[in-house]
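Good morning, and thank you for making time for this presentation.

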Amino acid sequence: MCGFCGSFSEHRHWSAGPLTAARQGAVRIRIAHMAGELAAPAGVRLTAWRDRFQLTGPTGKRELATDLASIWRAVDRLGRAMPDPLDDAFFDGLEAQAKE
Amino acid sequence: MTGDAPVIVDVLTGFLGAGKTSLVRRLAEAGALSGVAVLVNEYAAPPVDQSLMGLSGLKAGTFADGCLCCATDGDLRASLLQLLENRAGGKVRPFTRILIETSGIADPASLLATLVSDPMLRPRLRLGRVVTLVDLCHAPTTLAEQQEAVAQIVAADIVLFTKADMADEGAVELACAVVGAINPIAALRECSPHDNTDPFDLHALQPRHRKAPVASAVHTHHHHIASTVLRWPSPVDWAVFASWLSLLLHRHGPNILRMKGIMTIAGEEQHGPVVIQSVRHIVHMPEHVAQPAANGGAEIVVIAREIDPALIRRSFETFLAHAERKNRSTEDHLPQINAVIA
C-alpha cells in the first residue's frame, strides 16, 4: 500500500505494458537496449539494473531511472544533445546504419 | 478503500450551449442514468429540479430513478474523491458509473490526464467514453475560433450533432467534414431532441469501427491539425514501440493531441491485441482486447498539431525497421557467439 495516498495499487508506468510479471524482467533489459539506441547519439549509455535503469553520460556521470519517462528526463540532463525522433539527425543516424 | 471493481467514468463535453444539460436531463427522464452518479461542474445548470442537499461537502440531488446528481465547485478531482468516499461509506446510493458533465469551455485533456495519472483516482476509476456534443448551428464558427471546442472534438470517442432542426441545409455534411478531419477516430452521429439513446451505453451505440482509417488535415483559426495512421504488418516488439513512443511524447507531447489504435505485441499473440490510447503526453495503461487486430500487427491513428504527421509515420517505420534489422543481425551472429562461449 502506498504510504502517501493509501492506494493499494502500485504505480506502473504505461511502458510496463500489459505483460505478465514473468516477462517484465526480460522486457526491461530489452527496453534498456532499445532506448539505449535512441539515447546513443546523445552520448548516454543505458543498462538494466535490478528493477531500474542505469544511465551513464558522456562525462561518466550516472543516474538511475525507474521508467521510460524518467529515462528521457535523465538523458536530457546527462547527454550532449536532446534526442528527437522527428529530427533529421535521428533519421540520418538510423539510415546510415541501415546502409552499413 | 474498497475492493470493489473500478467505477467507470464517462465524460460528456461540448462547447457552451451545445445541449449537454438537456441530454443529461433527457437520459435521466428516460431512466438511462439509473445507478449513475452525474457530476456537473459549477458553470452548468444542474439537471435536477429537486432542491440540492449537502452531502459531506458535495451538493447532491437524487433523481427518482436512482441517478445521483452532484454539483462540483470546479475541483473535479476533489469531488470525485469525495463521491467515492461517500459511496464507500454508504452515504449515497450505490452507483457503478460516474458521468462527468464538463464546463462548456473545458479542455477535456486535463480531466482525462487526472483520471489516468492521479495516484488516488487511478486504481478506483476506469475511463469509459468521451462524448462531445456539437451544436450544428454554430459549429463552423465555434470550431474556427474556439481552441477549447477543437480540444473537445479531439478528445471524443463519439461526436453527437445537436440542433439539426434549427441548422441550415447541408450543416450536417459540413460539420461531418470538419469534425471528421479533426478527429478521424470518433464516431459521428446526429442527436435529435427526442433521441434518448444513451451514447455511453456500449451496447446501444457502438463507436465507429474503421477497418481502414485514413489520414486527414484541417486548418483551424489557431492551428494546423492533421492525422495519420501508423501501420505495421506484423506483431510489434513492445520494448521497441514503448521506447520510441515515450521519446516522441517526451519531446512533442503537447502537440501529439491524441493516439488511438490496436496493436499485437510480439510474444503475446495468444492474449489478443492491446488498445493503445493517449491524450497528449498521457498514455492509458494498454489492455488486451478480445477483438482481432486488423492486420495482425499495428494500426494506430495519430492526431497531431503543428507537426507533419508523415514525419511521425516515417519515424515509427524507420525505428521499427531498424530494430528488426538489429534482431536479425543478432540472430545471424548467435551461432558464432555461442561457439565463442563454448
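Is Glu287(B) buried, partly exposed or exposed? With a relative accessible area of 38%, Glu287(B) is partly exposed, because that class covers values between 20% and 50%. Please bear in mind throughout that this is a predicted model.

Glu287(B) has a charged partner. It forms a salt bridge with Arg126(B), and the closest N and O atoms are 3.0 Å apart.

The side chains of Asp135(B) and Lys163(B) meet in a salt bridge, at 3.8 Å from N to O. Here again distant parts of the chain are linked: Asp135(B) sits in strand E7, Lys163(B) in the loop between E8 and H6 of chain B, 28 residues apart. Asp135(B) is buried, with a relative accessible area of 9%, while Lys163(B), at 27%, is partly exposed.

Glu299(B) counts as buried at 11% relative accessibility, and Arg231(B) counts as partly exposed at 34%. Salt bridges with shared partners also join Asp10(B), Arg97(B) and Asp198(B) into one network. Over all chains, a search of the whole structure finds 16 salt bridges.

I turn now to charges on the surface. Which residues gather in a patch of negative charge there? They are Asp168(B), Glu169(B), Glu173(B) and Glu190(B). Glu169(B) is found in the loop between strand E8, residues 158-162, and helix H6, residues 171-182, of chain B. Its relative accessibility is 84%, so Glu169(B) counts as exposed.

Next, the backbone. In general, most residues other than glycine have a negative phi. Arg280(B) is not a glycine, yet it has a positive phi of about 55°. Its place is in the loop between strand E13, residues 274-279, and strand E14, residues 282-283, of chain B. Glu306(B), likewise not a glycine, has a positive phi of about 60°. Glu306(B) lies in the loop between E16 and helix H8, residues 309-341, of chain B. With a relative accessibility of 45%, Glu306(B) counts as partly exposed.

For chain B as a whole, there are eight helices and 16 strands. Of its 342 residues, 51% are buried. Among contacts in chain B with a separation of 6 or more, 76% involve residues 24 or more positions apart. The accessible surface of chain B is about 14600 Å², and 54% of that area belongs to carbon and sulfur atoms.

Chain A has three helices and three strands, and from the N terminus its elements run α-β-β-β-α-α. Of its 100 residues, 48% count as buried. Among contacts in chain A between residues at least 6 apart in sequence, 27% join residues at least 24 apart. Chain A exposes about 5700 Å², with 53% supplied by carbon and sulfur atoms.

How many of the eleven residues of helix H2 of chain A are buried? Eight are, and the helix, residues 68-78, is mostly covered. The buried residues include Leu68(A), Ile71(A), Trp72(A), Val75(A) and Leu78(A), and also Ser70(A) and Asp76(A). What covers the buried residues of H2(A)? From chain A, the cover includes helix H1 (21-39) and the strands E1 (45-49), E2 (52-56) and E3 (62-65). Helix H7 (238-252) of chain B is also part of that cover.

Conventions
Residues are numbered from 1 along each chain as its sequence is written. Chains are lettered from A and ligands numbered from 1 in the order in which they are written. This is a predicted model: local features need pLDDT of at least 70, side-chain atom pairs count only at pLDDT 80 or more; totals for chains, interfaces and linings use all residues. Side-chain values use heavy atoms; hydrogens and water are left out. Patches are made of residues with over 30% relative accessible area and no salt bridge: like charges are joined within 9 Å, nonpolar side chains (Val, Leu, Ile, Met, Phe, Trp, Tyr) within 5 Å. Accessible areas come from the Shrake-Rupley method with a 1.4 Å probe; for residues, only the protein chains shown count as cover. A salt bridge is a side-chain nitrogen of Lys or Arg within 4 Å of a carboxyl oxygen of Asp or Glu. Lys and Arg count as positive and Asp and Glu as negative; His and the chain ends are not counted. The place of a charge is taken as NZ of Lys, CZ of Arg, CG of Asp or CD of Glu. Helices (H or I, at least four residues) and strands (E, at least two) are DSSP runs, numbered from the N terminus. Buried means under 20% relative accessible area, exposed over 50%, partly exposed in between (1.4 Å probe, protein chains only). Contact means heavy atoms within 4.5 Å.
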